[in-house]
Amino acid sequence: MPRRPSHIGALWERLKSGVKTHTSLTLIIVAAFLLELSTGVMYYSAQNMIQRAVDRMVQREMNALYLCIRNKLTKVEVTIDNMAWMITDELMHPDSLLRVTHQIVEHNPLILGSGITCVPYYYSEKGRWFEPYSVRKSDGTIESMLLGSKRHDYTTSEFYTRPITKNKGHWCEPYVDSDGAKAKVTTYGVPVHDKKGKIAAVVVADISLDWLEEVVNESRIYNTTQRFIVTGKYNLLAGEDNALLRQILKHIKSDPAKKGTVILEDENGNTKHVYYTPVGGITDWLIINALDDNDLYRKLRTIRISLLTPMMIGLLFIGFIVYRSSRNLEHLRKVNSEKERIGGELHVASEIQQSMLPQGQLKNDSVELRGFLKPVREVGGDLYDYFVRDEKLFFCIGDVSGKGTPAAMLMAVAHTKFRDFSIHENNPARIMQRINETTSEGNETNMFATLFLGVLDLPTGRLRYCNAGHDKPVIIGRETLPAKPNLPIGLFPDFKYELQETILDSGSTLFLYTDGLTEAKNTQHKMLGLKRVMALLDDSTDLKPSQLLKKMKEVVDTYVGDAEQSDDLTMLAIHYTPKQFKNTLDETFVMDNDIKEVARFSEFIKGALGRMGIEKSMAHQLRLAAEEAIVNVIDYAYPPGTEGHIEVRMMYDGTTLRFKIIDSGVAFDPTAKEKADTTLSAEDRQIGGLGILLVRELMDSINYERNNGKNVLTLIKNIELTN
């Protein structure tokens, strides 16, 4: 057996001796390494999951943008292609061609100008250049003219030469038309053949690029998102020409697929996540989305810093315990206990990271919710979503007409807009109205979706909802919810949706579904039917949402048997169990709607917070938030000259502090009013004027309801006092 070299052996012995002599230091180093490794793994795992989620959102956004652009371009292409055939019959009458261009512009709002550029000397009496042209002016009138001349030699222009060379339709590069359209345009041209089959002219349509600028600035995921649309020759159609675009184009030029993602750094060193894809069709245009790295991971990095601080503090504490363990076995037991405690904290931190992602089940003190979706194909047209904001549960379920990719695209748009429009809006009918307007715009395929949208106020059980042609939900053990059908979304953008409301009793379970449940067919092509479904639900009053959905899925699978699934199957179960509060503090203050009364209210709340033993800085924040809310009520709930009272009820149950502010003024939802001036620090500000945005910053959540002719605003702060 070969002997270990003496110098290596000596180094090994010194290492072992050092570990034995400095056991505490060694353990601390190992613990520090493991903690940093755990934090790093959690951070980068969460980063990857966030990246995948953003990739999906951007893909949905770019699909919607693609459909919008493609629909508009297709309208122009179809119109001009058809006109090329019609103009063949008009070639015998050259003087009628000017009227044809006028009709093209008149009947097609997307087309700014249209012309018929004839082959040189096709009409000998008209000379070398003959170009009847019509354009829509800024006042809406249409001006017709003959443009062809030596100065305006269209025979050298791309919109004339390329359709003739290719003998088919062609979109030219953008240019400034100073003679006809008098704007920056791109032109679509199609060759016109005479009855002998020879090319006699090119019919063209000028499209203003202004609408593209509007499209690229709509519905961005983040405010800093940059969008561009460029041609196949990398000329800018829409977006801001900057250094980042030039860097992106340099990469795209080296990519033969012209489709994919790439991470780049801009001129300021900021990381950008770039997505690019072709518009398709006849055009060679490209859509580009550039997202800032800081927008994607800002919250995650903040959480990482907040986790590292207690971890380092805990690490120092471990070192102290390990050092003392060499003298006392009891200290060693404390070290082990502390390690278990830190292990539990790491487990909780891992769950927090997971909670950042969309979860299959929602469960808290007031509601338990479970959803299920099984598409009939790889992609489906059903959707459901839910989230909690300001003690309100927002939820929806929908079914898009048709199946496959087109249905999935419309579903993606509706799904995304539900999240977008629910961020600052509590009224389901208004949310539904905006979703309908978005999905109706440019919907040339006439696809539509049924959608049920609800907002459940968790403290009171008040359920406000709006139904767009969807199957009525069922309150298990009672009856179907009385939901007026309205029209599905995507058909008529100006349709007015009706708001309804009811009260859910404690212990109620609301069951929502798509017609894939009631219309599930067995091998004899017989449907499961609503009657069977209602009977099953009546026998399921004691089941939790997860158990209920499992039972319904098993029933459908058994009933269908070997038959092929005929439609997407989606179910949503909401079990409402409002939390019961037992207050250890309950004090009420009544004041007039007079700004002078705020000082007296300030003394009341200052005294109450002092009796609770809340530390000074926290008490200052709570008082500032409550005062700001009171000032908002005085300013907006009661018109000038109107007398009224404001009741403030302050409650604490050991973990949650609530300010319930009640007034009898006009209906006024302060959560929908955005007014903020934060140029001064909170300590230097006068009472009022900071608006609801400041209240949101100081409190954990806020909730507004209009009950029995009164405004009820609840400010909530989670505080666990230690004795």
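Which residue of β18 is the bridge partner of Val455?

Tutor: Happy to! Val455 has Arg464 as its bridge partner in β18. Before we widen the view, a word on the basis: this is a predicted model, in which local features need pLDDT of at least 70, side-chain atom pairs count only at pLDDT 80 or more, and totals for chains, interfaces and linings use all residues. Numbering starts from 1 along each chain as its sequence is written, and side-chain values use heavy atoms, with hydrogens and water left out.

Now back to that pair. Strands β17 (residues 449-457) and β18 (residues 462-468) run antiparallel and are joined by six bridges. Strands here are DSSP runs of E with at least two residues, helices are runs of H or I with at least four, and both are numbered from the N terminus. Two strands count as paired if DSSP finds at least two bridges between them.

β17 and β18 belong to an open sheet of five strands, ordered β15-β16-β17-β18-β21, with antiparallel pairing. At its edges lie β15 (382-389) and β21 (500-503), each of which pairs on one side only. From one strand to the next, the twist averages 15°.

Finally, helix α9 (residues 404-422) packs on this sheet, touching β15, β16 (392-400) and β17; contact means heavy atoms within 4.5 Å. The direction of α9 makes about 10° with that of β15. Such angles run from 0 to 180 degrees between N-to-C directions, and the axes are lines fitted to C-alpha atoms, for helices over the stretch in contact.
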